[in-house]
Amino acid sequence: MTKETVALQVNDSNASTQNQEQQQGSKTNASVPPSVRRNLSETAFFYPQLLTNDSGEVVISFSSPEALTKWKFMSFAHTKDLRFALDEKEIVTQKQVMVIPNAPRFLREGDKIVFPAKISCMSDTPLTGSANYNSLMR
């Protein structure tokens with residue numbers, strides 16, 4: 001049986017913007033607002049029929065959705081004589097700094113609430129910044 005490989009390349013649509021901000025230094029990070037995520041698809045890709053190249057490799061290239069989650073990559077391959085291989089991997093998409101609000105589900109008139117939020121930093125270097133909460137309710 002020959003050894004077959006699967007190469008997986010994930011193109012992050014925000015990676016070039018984030019790399020440019022990091023290269024410009026911390027003075028720019030304070031003035032650049034975060035980008036709004038637009039591609040929140042639940043399926044990153046689905047390719048039901050892929051063929052190998054002359055080396056027996058399958059190379060897949062796709063842009064990952066901007067949802068901050070854990071993705072499951074599953075592949076199944078077979079030959080004409082019904083030999084098969086099955087593989088499963090997990091890929092995590094995340095931002096370097098994330099604010100995760102924990103808002104109450106229901107409010108009634110006159111309620112007083114506490115609006116907690118978790119700020120998560122995945123950067124290898126220390127980051128500084130500020131977080132503000134503005135409400136339209138009175």
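Author: Contact here means heavy atoms within 4.5 Å. The model is predicted, so local features need pLDDT of at least 70 and side-chain atom pairs count only at pLDDT 80 or more, while totals for chains, interfaces and linings use all residues. Residues are numbered from 1 along each chain as its sequence is written, and side-chain values use heavy atoms, with hydrogens and water left out.

Leaving aside residues up to four places away in sequence, Arg-37 touches Glu-66, Ala-67, Leu-68 and Lys-95. Arg-37 sits in the loop between helix 2 (26-29) and strand 2 (57-63); helices (H or I, at least four residues) and strands (E, at least two) are DSSP runs, numbered from the N terminus. Its C-alpha is 6.0 Å from that of Glu-66, at 29 residues apart in sequence. Arg-37 is partly exposed at 34% relative accessibility; buried means under 20% relative accessible area, exposed over 50%, and partly exposed in between (1.4 Å probe, protein chains only).

The structure holds four salt bridges, each a side-chain nitrogen of Lys or Arg within 4 Å of a carboxyl oxygen of Asp or Glu. One of them joins Glu-90 and Lys-70 (3.8 Å, N to O). Glu-90 lies in strand 4 and Lys-70 in strand 3, so this pair ties together parts 20 residues apart in sequence. Glu-88 and Lys-72 also form a salt bridge, at 3.7 Å, N to O. Glu-88 is partly exposed at 47%, whereas Lys-72 is exposed at 53%.

Leu-82 is in the loop between strand 3 (70-78) and strand 4 (84-92). Leu-82 has a positive phi of about 70 degrees, although it is not a glycine.
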